[in-house]
Amino acid sequence: MTASHFLATSWPYYELLTAAGFEVRFADLSKSLWEPDHLVAALDGAAGVICSTEPYTAEVLSRTQVRVVSRVGVGYDSVNVPAATEQNIAVCRTPGTLHQSVVEHTIGMILAIYRNVISQNKQVRAGDWDRTAGPRAYGKTLGIIGYGVIGKEVAKAAVLLGMQVIAYDPIAPAGGPSEVERVALDEIWRRSDVVSLHAPCTPETERIINAQSLALMKDDALLINTSRGGLVNEPELAAAMKGGKLRGAALDVFEQEPIDKENPLLDVDNIYFTAHMAGLDEQSLLDMSTMAAQNILDLYEARWPAANVVNANELNGWKW
């Protein structure tokens with residue numbers, strides 16, 4: 001187990017695995033698992049790993065005996081899936097366990113910025129009584145980039161708040177609230193009062209937030225990123241916001257995590273940061289860890305959790 005939230009024997013996942021005869025070993029997180037040698041050492045002798053966002057490169061995978069990489073969460077861009085497939089390693093994830101947490105975080109940040117919650121708290125504590133009003137979310141246009149499960153759930157919540165919702169995703173299947181309009185990317189930039197990112201980081205989406213796209217956005221728009229840090233060109237976002245672009249931004253993810261102390265985003269007053277927490281609440285932690293363990297157990301007992309195995313179609317004759 002390398003995911004920091006779960007390094008305790010009291011979690012249900014621990015009982016699930018130990019009852020099946022597995023020895024559960026906790027990684028030493030005093031050493032950075034972003035260093036390949038440290039990660040390889042943590043995986044020494046392990047047949048499976050329940051992991052977080054540390055990088056499982058081709059080099060790391062080639063130096064282990066791991067048969068299953070079971071990722072807590074839905075993103076798996078930290079795992080070199082082609083290399084894992086070549087080495088006959090099953091890569092799993094835990095879909096359906098955290099989307100409600102991300103929805104609440106996304107909507108919460110929109111409302112917190114519009115209602116000046118953070119600045120109001122500081123002002124009142126300082127003895128100030130500034131009652132400057134902010135915008136109302138009702139009637140505003142939310143533009144969603146990435147209209148998969150999480151994007152659709154965010155849309156549902158936004159519609160209930162009375163927001164107009166438009167969405168861009170060239171590959172996502174139909175579905176979601178009937179009120180949502182699927183549009184071209186240029187329409188997202190031009191029409192949105194709030195842009196919320198829910199796409200994976202791929203060659204097509206990497207740094208989709210950049211000087212060019214920011215220039216097309218409304219000057220008083222909000223940017224919310226609870227997806228992947230690689231979607232944002234961080235220096236260009238910082239420069240644009242220092243120049244007066246955007247009312248504010250809420251960023252939960254970054255290109256480097258933990259965020260570098262020299263990151264220019266930290267110098268922008270109207271950016272609000274969280275530490276990759278959008279998908280984490282008490283229930284999602286329980287559900288993610290349990291499903292990640294169940295993935296390993298299913299594979300060990302010759303069951304095949306196809307919906308959770310990222311490279312299921314590429315693994316031929318996989319056996320424990």
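At the start of helix H10 in this predicted model, a side-chain oxygen of Asn 233 comes to within 3.2 Å of the backbone nitrogen of Glu 236. The helix itself spans residues 234-242, and its buried residues are Glu 234, Leu 237, Ala 238, Ala 240 and Met 241. These five positions cover an arc of only 165° around the axis, and they therefore lie on the same side of H10. Among the elements that cover the buried residues of H10 are helix H9 (211-216) and the strands S8 (222-225), S9 (248-251) and S10 (271-273). After H10 comes Gly 244, with a positive phi near 100°.

The parallel strands S9 and S10 are joined by three bridges, and Ala 250 stands opposite Tyr 272 of S10.

Attention now turns to the aromatic side chains. Across the whole structure, a search finds ten aromatic pairs. One of them joins Phe 6 and Tyr 13: the ring centres are 6.4 Å apart and the planes stand at 80°, which exceeds the 60-degree cut-off, so the pair is edge-to-face. Both residues fall under the 20% limit for burial: Phe 6 is buried because its relative accessibility is 2%, and Tyr 13 is buried with a value of 0%. Phe 6 and Tyr 13 belong to one aromatic cluster, together with Trp 11, Tyr 14 and Phe 26.

A further edge-to-face pair consists of Tyr 300 and Trp 320, whose ring centres are 5.2 Å apart and whose planes are at 85°. Tyr 300 lies in helix H11 (residues 282-300), whereas Trp 320 lies in the segment after H11, so the pair ties together parts that are 20 residues apart in sequence. Tyr 300 counts as partly exposed, at 40% relative accessibility, and Trp 320 likewise counts as partly exposed, at 32%.

Note on methods:
Residues are numbered from 1 along each chain as its sequence is written. This is a predicted model: local features need pLDDT of at least 70, side-chain atom pairs count only at pLDDT 80 or more; totals for chains, interfaces and linings use all residues. Side-chain values use heavy atoms; hydrogens and water are left out. Buried means under 20% relative accessible area, exposed over 50%, partly exposed in between (1.4 Å probe, protein chains only). Helices (H or I, at least four residues) and strands (E, at least two) are DSSP runs, numbered from the N terminus. The arc is that of the directions from the helix axis to the C-beta atoms. Contact means heavy atoms within 4.5 Å. A polar contact is a pair of N or O atoms within 3.5 Å; within protein, one must be able to donate a hydrogen and the other to accept it, and residues adjacent in sequence count only if both atoms are side-chain atoms. Two strands pair if DSSP finds at least two bridges between them. Rings of Phe, Tyr and Trp (its six-membered ring) pair if their centres lie within 6.5 Å; planes under 30 degrees apart count as stacked, over 60 as edge-to-face and the rest as tilted.
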